[in-house]
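Please read this briefing alongside the sequence and the 3D view. It is written for a reader who is new to the structure.

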Amino acid sequence: MRLSRRALLAATTAAALPTASPASATERHGQLRTGFENLAATGYAALQGQRVGIVTNPTGVTRDVHHIVDVMHADNRVDLGAVFGPEHGFRGTAQAGGSEGRYDDPATGLPVYDTYLRSGRALADVFTASGVDTVVFDIQDVGARFYTYIWTLYDCMEAAQLAGKRFVVLDRPNPVTGRAAQGPVLHKEFATFVGRQPISQAHGMTVAELARLFNGEFLSTPVPLQTVLMTGWKRSEFYDAWSLPWVPPSPNMPTPDTALVYSGTCLFEGTNLSEGRGTTRPFELLGAEGIDGRWAAAANELALPGVHFREAYFAPTFSKFQGRTVGGVQIHVHDRAAYDPVRTGIALLVTAKKVWSGFGWRSDNWIDRLTGSTSVRTAIDAGAGTDEVVAGWQEELAAFRRIRKNYLLYK
């Protein structure tokens with residue numbers, strides 16, 4: 001039954017789904033080619049003779065927005081046997097902190113396994129049960145340590161090693177550039193699913209570079225790893241330089257503008273302020289009941305590079321302050337090259353505490369998990385300004401940057 005379904009899908013979609021025409025795509029859309037495009041251009045040579053499972057989500061698309069699972073399933077050069085869904089699920093139906101569970105994909109008939117919150121031997125058992133030989137990873141990252149897909153990558157690499165599987169990473173751009181690592185470095189005692197290993201808050205790497213870093217520095221036993229790189233990617237360019245479609249990697253990451261601010265303003269998840277969930281501009285809108293224009297004024301007085309702050313009022317449709325009007329700021333980045341999202345996030349925490357007497361951290365000190373230690377929270381509580389807080393992580397950041405440069409693949 002599976003083979004006839006596959007044959008039917010191939011017959012009915014062959015005209016619609018691209019198999020491997022990256023040259024013509026390059027001519028239409030510019031020089032960048034994703035890892036998937038380069039894999040397809042070889043006739044999927046890296047997967048030949050292998051039963052393949054793929055870790056992906058709605059961002060795993062071709063530049064004409066066909067999902068790569070649908071493309072590969074319809075191509076007889078690939079023996080695709082399973083899909084593994086991360087947080088939010090393979091088809092992206094779940095909100096933050098959720099997944100889709102185990103099911104058969106209606107479009108392809110492929111079994112979809114849930115990886116969310118599974119790691120180690122439990123995840124290795126999932127790979128073993130799927131019957132695949134090679135695990136492929138293709139998910140669009142956003143460049144922040146606490147965005148969970150890079151730790152899905154880490155957990156899947158570790159589990160693949162335990163299960164005796166090969167691991168192949170198909171690379172995609174870091175949408176906020178790969179120019180530099182920024183922000184505090186995680187301390188291992190604060191490791192969670194929003195940070196497994198000591199990397200900086202904004203890592204400035206692609207997923208293939210991170211995979212090499214994980215294999216070389218953090219996995220006790222390296223996994224047999226192959227990376228299929230992009231061509232034409234420049235570290236200094238933002239996502240909109242390449243004419244690639246933006247598919248929201250998660251429900252609250254609607255645009256590349258969201259990704260640009262996220263590595264700084266996600267810190268507000270660790271406070272009693274709204275981080276803009278439940279609005280059309282999550283992580284760009286921040287606020288709480290009782291805040292007025294003094295916050296935007298205080299933030300603008302700092303003259304932070306590349307950004308202005310607008311006094312804003314909004315009513316989230318879910319999450320914090322659901323259905324209630326709150327006051328705060330909207331972030332307007334006017335010079336992306338000069339903008340430092342992590343420094344800006346710290347400045348907003350400092351000024352919010354200064355102008356609003358109701359400011360507070362989440363009772364579980366979640367801010368420490370996001371920043372990677374107690375240092376940011378305790379410094380701000382002690383009255384430190386932005387420069388002092390940022391200075392506190394520079395030595396550890398410099399050490400991480402020295403390690404990071406050994407794993408960079410692009411200029």
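This is a predicted model: local features need pLDDT of at least 70, side-chain atom pairs count only at pLDDT 80 or more; totals for chains, interfaces and linings use all residues.

Residues are numbered from 1 along each chain as its sequence is written, and side-chain values use heavy atoms, with hydrogens and water left out.

**Overall fold**

- The chain has 14 helices and twelve strands; these are DSSP runs numbered from the N terminus, with helices (H or I) of at least four residues and strands (E) of at least two.
- The radius of gyration is 22 Å, which agrees with the value near 22 Å for a compact globule of 411 residues. It is taken over C-alpha atoms, and the globule rule is 2.2 Å times the number of residues to the power 0.38.
- Along the principal axes, the C-alpha atoms fill a box of roughly 65 × 40 × 40 Å.
- Of the 411 residues in the chain, 57% are buried; buried means under 20% relative accessible area, exposed over 50%, and partly exposed in between (1.4 Å probe, protein chains only).
- Among contacts with a separation of 6 or more, 74% join residues 24 or more positions apart, where contact means heavy atoms within 4.5 Å.
- The accessible surface of the chain is about 15,600 Å², and carbon and sulfur atoms hold 51% of this area. Accessible areas come from the Shrake-Rupley method with a 1.4 Å probe, and for residues only the protein chains shown count as cover.

**Pockets**

- A pocket is an open set of points on a 1 Å grid over the protein atoms alone, with protein on both sides within 12 Å along at least five of seven lines; lining residues have an atom within 4 Å of a point.
- The largest pocket has a volume of about 490 Å³. It is lined by 27 residues, and the closest to its centre are Glu87, Ala96, Val194, Glu269 and Arg277.
- Volume here is the space filled by probe spheres set on the points, with grid points joined across faces, edges and corners.
- The lining of the largest pocket consists of 14 nonpolar, seven polar and six charged residues. In this scheme Ala, Val, Leu, Ile, Met, Phe, Trp, Tyr, Cys and Pro count as nonpolar, Asp, Glu, Lys and Arg as charged, and the others, Gly among them, as polar.
- The second largest pocket holds about 200 Å³ of space. Val176, Thr177, Arg179, Gln182 and Pro341 are the closest to its centre, out of 19 lining residues.
- Ten nonpolar, six polar and three charged residues make up the lining of the second largest pocket. Helix H8 (residues 256-265) gives the largest share of this lining, with three residues.

**Cavities**

- Four cavities of 30 Å³ or more are found in the whole structure; a cavity is a set of grid points where a 1.4 Å probe fits but cannot get out.
- The largest cavity has a volume of about 100 Å³. Among its 13 lining residues, the closest to its centre are Thr59, Val61, Arg172, Tyr239 and Pro245.
- Six of the residues lining the largest cavity are nonpolar, four are polar and three are charged.

**Helix H8**

- Eight of the ten residues of H8 are buried, so the helix is mostly covered.
- The buried residues of H8 include Leu260, Val261 and Tyr262.
- These buried residues of H8 pack against strand S8 (200-202), strand S10 (285-288), S12 and helix H10 (341-355).

**Single residues**

- Thr371 is in helix H11 (residues 366-371) and is buried, at 1% relative accessibility. Leaving aside residues up to four places away in sequence, Thr371 touches Arg145, Pro184, Val185, Gln201, Leu267 and Val376.
- Gly98 lies in the loop between strand S2 (79-85) and strand S3 (103-104), and is buried with a relative accessible area of 18%.
- Gly98 and Glu87 are eleven residues apart in sequence, and their C-alpha atoms are 5.9 Å apart in space.
- Ala303 is in the loop between helix H9 (294-301) and strand S11 (307-314). It has a positive phi of about 50 degrees, although it is not a glycine, and counts as exposed at 63% relative accessibility.
- Ser319, in the loop between S11 and strand S12 (326-333), also has a positive phi, near 70 degrees. At 36% relative accessibility, Ser319 is partly exposed.
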